[in-house]
Amino acid sequence: MMKKHLLSVVALLLSISAIGFEITIDQGLDKLTRMAVVPFQVEGNAVDVSSTITNDLRSSGQFEMIRPEHMLSLPTTPDEISYRDWRILETEYVVVGKSRVNDFGQLEVDFHVVEVNTERLIKSTRVTGAVELFVDVSHAISDSIFEHLTGTQSIFSTKVVYVLAIGRATQNPIFKLIKSDWDGGRQETLLETSQPLLSPNWSPDGRSVAYVSFEAGGSAIHVMNLDTRKVEVLASFEGVNSAPVYSPDGSQMAMTLSRSGNPEIYLMDMEERTLRQITDHHAIDTESSWAYDGESLLFTSDRSGSVQIYEVELDTLLTKRVTNHGAYNARPRMLPDNDHLVFVHRIDRVYHIAWQRIGGVTGPRILSSKVLDESPSISPNGAMLLYSTKENERGILAMVSVDGRIALRLPSTEGSVQEPAWSPFLPSFINLEDI
């Protein structure tokens, strides 16, 4: 098993190409695990998935991947591995494999993970999927390797949605709701409009995305079914309709409405479409998010005279203040342990992503380093945060590990990227079996 290192981070200055994005690893662990994914043997019309696997593992910030041009030999089976070659390169793990199209017309990949120091085969797996899903096959292999070596559930097969703004502050702006792989690959435009889009949020089953649109003039909350692309308007009351977020079981949606004259938090029953008002205060209450147990909501409010985060119990509506350090703490998101949260924290007019234990006496720990970091979204394994920030006057996406030791940037090739949301773990159409 790969050891976890607790020392300070260092710059890696590694970059990975992806469609529409270039992932740049700004910092990682001080001691990386050296690994080689040897180019796979390809039979017939199959695809070599090894480069995507290499990019996935490198971008985790935990592996130093040996480039093919530096490899002393190119084995494709464990029996062909010359351990002397890999010890010269100080390699800890070698991955070899073969890909082919089987008799059923599916892409079939056999891969093997070998530990160099012990000369031991530690994993052999066969992966099958539709030929056109070769990228999904690649990510599934990366997930399998990462999880086996680290003991942590992997995110390489997850998706993100975000808003891409092109020509903002011009006479003809374009706003797109984009879905992509976690690394920005395979971008797909879900919606294109001349009006702003805000606050995308995934349903727990990953089949729908809620968002706010201004297409009808005022704000309205919509839900798009990702299978059919059918769109339903959930809330278009007079005034504010914003910040939709699904409950952990998908049965309810929290949202901010000003239908009573003041922005308050409401719950909508997703089956009955009935509303229940949760907050009732003359201040602005907004940006709610769910506790992982579904029993309370975190939200942003200026009811104390400054912008702070509060928690309300849904059974009793008992409300308590959660943040007490600084004059601006907003956009809370609960971690899976139901005991810590991440949020936007302002220091001297600079906005950072911060981490804090609920009820803790110590102040927040700063995780990001730019001047306008916002909209944090937590990966489904609770290990990474996705957020938007500014670089060269453009909005880009960035990631940081919850412990602050790994940071990545995903600069877009066009427009300004904002409002990211990480998917839950999604159903897989890829089959893995030990061999």
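**Buried helix, salt bridges and ring pairs**

Modeller: Helix α1, which spans residues 50-59, is mostly covered, with 7 of its 10 residues buried. The structure is a predicted model, in which local features need pLDDT of at least 70 and side-chain atom pairs count only at pLDDT 80 or more, while totals for chains, interfaces and linings use all residues. Residues are numbered from 1 along each chain as its sequence is written, and side-chain values use heavy atoms, with hydrogens and water left out.

Biologist: What makes a residue of α1 count as buried, and which residues are these?

Modeller: A residue is buried when its relative accessible area is under 20%, exposed when over 50% and partly exposed in between, with a 1.4 Å probe and protein chains only. In α1 the buried residues are Ser-50, Ile-53, Thr-54, Asp-56, Leu-57, Arg-58 and Ser-59. The helix itself is a DSSP run (H or I, at least four residues, whereas strands are E with at least two), numbered from the N terminus. After α1 comes Gly-61, which has a positive phi, near 80°.

Biologist: Why is the contact of Asp-227 with Arg-207 called a salt bridge?

Modeller: A salt bridge needs a side-chain nitrogen of Lys or Arg within 4 Å of a carboxyl oxygen of Asp or Glu. For Asp-227 and Arg-207 the closest N and O atoms are 2.8 Å apart, and the pair therefore meets the rule. Asp-227 lies in the loop between β14 (220-225) and β15 (231-235) and Arg-207 in the loop between β12 (197-202) and β13 (208-213), so the bridge ties together parts that are 20 residues apart in sequence. The structure holds 20 salt bridges.

Biologist: How do you know whether Asp-227 is exposed or buried, and what is the state of Arg-207?

Modeller: The relative accessible area of Asp-227 is 52%, so this residue counts as exposed. Arg-207 has 46% and is therefore partly exposed.

Biologist: Why is Arg-405 called buried, and what is its salt-bridge partner?

Modeller: Arg-405 has a relative accessibility of 17% and so counts as buried. Its partner is Asp-403, with 2.7 Å from N to O, and Asp-403 is partly exposed at 37%. Elsewhere, Arg-100, Glu-108, Asp-110 and Arg-126 are linked in a network of salt bridges.

Biologist: What makes Phe-156 and Trp-182 a tilted pair of rings?

Modeller: Rings of Phe, Tyr and Trp (its six-membered ring) pair if their centres lie within 6.5 Å, and planes under 30 degrees apart are stacked, over 60 edge-to-face and the rest tilted. By this rule there are 5 aromatic pairs. The ring centres of Phe-156 and Trp-182 are 5.6 Å apart and the planes stand at 55°, so the pair is tilted.

Biologist: Why is the pair of Tyr-328 and Tyr-351 called edge-to-face?

Modeller: The ring centres of Tyr-328 and Tyr-351 are 5.2 Å apart and the planes are at 90°, so this pair is edge-to-face. Here too distant parts of the chain are linked, since Tyr-328 is in the loop between β23 (319-321) and β24 (329-334) and Tyr-351 in strand β26 (residues 350-357), 23 residues apart. Tyr-351 has 21% relative accessibility and therefore counts as partly exposed.

Biologist: Which residues form one aromatic cluster?

Modeller: The cluster is made of Phe-63, Phe-146, Phe-156 and Trp-182.

Biologist: How do you know whether Ser-154 is buried or exposed, and where does Ser-154 lie?

Modeller: Ser-154 lies in the loop between α3 and β9 and has 4% relative accessibility, so this residue counts as buried. Ser-154 and Pro-380 are 226 residues apart in sequence and 9.0 Å apart in space, C-alpha to C-alpha.
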